[in-house]
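Please look over this model with me. My notes follow as numbered points, each on one topic.

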Amino acid sequence: LGAIIGGASYLQAVLPPESQTGIMADRILSSGDRMRRLIADILDFSRVRLGGEIPIFPSTIDMEDVCSEVVDEVVASNPERIVQLERTGNVSGTWDRGRVGQVVSNLVSNALQHGAKDTSVIVSLIGEADEVLLKVQNWGPVIAAEDLQTIFDPIKRLEPDRPESMYRGSLGLGLYIARIVMAAHGGTIEVESSKAK
């Protein structure tokens, strides 16, 4: 996988971006990065299930910088979608930069996957006195109450009698990993779903 990502990165750098081969290099790099994230999620899941902990290496970071990087990466893989980033207040703190980026990536990717395709996703950062609130909002079908109760559980599967289930096409690890990472930082994660705009 490292060779695939490295080779695609090299081709992306030396090929004209508008050429067919340049476009293919972009797709290979995007797919390789998706696979890398999937493998990382599986390893984290296995580590926690075996009684271990997700390693956290905190440093002083600006949450807006992390979110901006993640949004750029996600939009590059989904050029037809719009992701807006908003910030209010001081959003600096002591967290693990890579892990925070993993959470944001999982949440934004989930919002894009399950939201209405013709709507945008809004990522909001709100700095308060002793915490930072990260909100990821999309628009689409309301999530059933029974799904809300288990949405952060690992490895969700499509229920055969409910083809509209929001878990279609996913291993169901993204939100689970996000919850574990937030807990390791002393934070919490919640979900709301309604018809409200």
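**Notes on the side-chain pairs and cores**

1. D44 and R99 form a salt bridge, and their closest N and O atoms are 2.6 Å apart. A salt bridge here is a side-chain nitrogen of Lys or Arg within 4 Å of a carboxyl oxygen of Asp or Glu. D44 lies in helix α2 and R99 in helix α4, so this pair ties together parts that are 55 residues apart in sequence. Helices are DSSP runs (H or I, at least four residues), as are strands (E, at least two), numbered from the N terminus. D44 and R99 are both buried. Buried means under 20% relative accessible area, exposed means over 50%, and partly exposed lies in between (1.4 Å probe, protein chains only).

2. A word on the model. It is predicted: local features need pLDDT of at least 70, side-chain atom pairs count only at pLDDT 80 or more, and totals for chains, interfaces and linings use all residues. Residues are numbered from 1 along each chain as its sequence is written, and side-chain values use heavy atoms, with hydrogens and water left out.

3. How many salt bridges does the structure hold? There are 5. D44, R47 and R99 are linked in a network of them.

4. D62 pairs with R87 in a salt bridge, with the closest N and O atoms 3.6 Å apart. D62 is in strand β1 (residues 59-62) and R87 in strand β2 (residues 83-88), so the pair ties together parts 25 residues apart in sequence. D62 counts as buried because its relative accessibility is 18%. R87, at 36%, counts as partly exposed.

5. E69 and R97 also meet in a salt bridge (2.7 Å, N to O). Here helix α3 holds E69 and helix α4 holds R97, so parts 28 residues apart in sequence are tied together. E69 is partly exposed at 42% relative accessibility. R97 is partly exposed at 31%.

6. Now the rings. The count comes to 1 aromatic pair. F45 and Y176 are edge-to-face, 5.7 Å centre to centre, with 75° between the planes. Rings of Phe, Tyr and Trp (its six-membered ring) pair if their centres lie within 6.5 Å; planes under 30 degrees apart are stacked, over 60 edge-to-face, the rest tilted. F45 and Y176 are both buried.

7. Last, the core. The largest nonpolar core has 18 residues, and M63, V83, V100 and V108 touch the most other members. Such a core is a set of buried Ala, Val, Leu, Ile, Met, Phe, Trp, Tyr and Cys residues joined through side-chain atoms within 4.5 Å. Helix α3 gives the most to this core, with 6 residues.
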